[in-house]
Amino acid sequence: MKVIHCKSYEEMSDAAAKIMEEQIAKKPDSVLGLATGSTPVGLYAALRRDYAAGKVDFSKVTTVNLDEYCGLAGDHPQSYRFFMQDNLFDHVNVRPDHTFVPVGTAKDLDAEAKRYEKLVASLGYADLQLLGVGPNGHIGFNEPAEELFLETHVAPLTETTIRANARFFNSEDEVPKRALSMGMGTIFAARRIMLLANGAAKREAIKALLTKDTVDTKCPVTLLHLHQDVTVICDDEAWPL
Ligand code: F6R
């Protein structure tokens, strides 16, 4: 595991943008696994900046997002589809029909999970998968549990995650209680994984990842030890050592 300790959020975001842009330069038709939330906002801003400066070309890229809230349509301001349009897709030359996010309003959510898993598999999984981490160690919406799902599935959100994500909604009650999420197998099929963490709330999860020599399904991020190409990029507040 490669670990990059950055001084600030901006430095973390620029380091992540550099890795993503190098990936696209090396393989213009890369499949990028993308994440939402507050962590990658700076990364997406850096990608928009570098696209405007002619430094990166998304024309052949395909994107697959990790997750989507159940019940939220793509035009709902808190949906992850909306987030991706707003933060990246509407500002760069990625083909709209090459961007994939699970459909949270599907009538049959289990069927949608299966369709999405097949789709990601048919693309050959991600060349580079971006991850954030929850304060409780979740990745995607693979929440701490005795057992973790391998494939894309309907995931109940834990109380901790509902509370953490309430900041984006008017109240905790409005936070969807379930999400469609790639499973650990979907994520781990990526050739390379890049995990970003900023802020003190992430320190415990990053500490578990960097200091323990065991893996624990009750802290899903620790399973990253089992992947052979992981880069962790932390800002100073999240740095646990
Ligand atoms: C988002 C996702 C989540 C977030 C995590 C951290 O697509 O899969 O696992 O990465 O909840 O969220 P933030 O970045 O808002 O702290």
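Start by selecting D67: a polar side-chain atom of this residue lies 2.6 Å from an oxygen atom of the ligand, a polar contact being a pair of N or O atoms within 3.5 Å. Before going on, note that this is a predicted model, where local features need pLDDT of at least 70, side-chain atom pairs count only at pLDDT 80 or more, and totals for chains, interfaces and linings use all residues. Numbering runs from 1 along each chain as its sequence is written, and side-chain values use heavy atoms, with hydrogens and water left out.

Then pick T36: an N or O atom of its side chain is 2.9 Å from an oxygen of the ligand. Taken alone, the ligand exposes 410 Å², and the protein buries 94% of that (Shrake-Rupley areas, 1.4 Å probe).

You'll find an open, parallel-paired sheet of seven, ordered β1-β10-β9-β6-β2-β3-β5. β1 (2–5) and β5 (99–100) are at the edges with a single partner strand each, so one side of each has no neighbour in the sheet.

Last stop: select 192–197 and 230–234, which are β9 and β10, paired in parallel over five bridges. Click I193 and look across to its bridge partner in β10, V230.

Terms used
Two strands pair if DSSP finds at least two bridges between them. Helices (H or I, at least four residues) and strands (E, at least two) are DSSP runs, numbered from the N terminus. A polar contact is a pair of N or O atoms within 3.5 Å; within protein, one must be able to donate a hydrogen and the other to accept it, and residues adjacent in sequence count only if both atoms are side-chain atoms.
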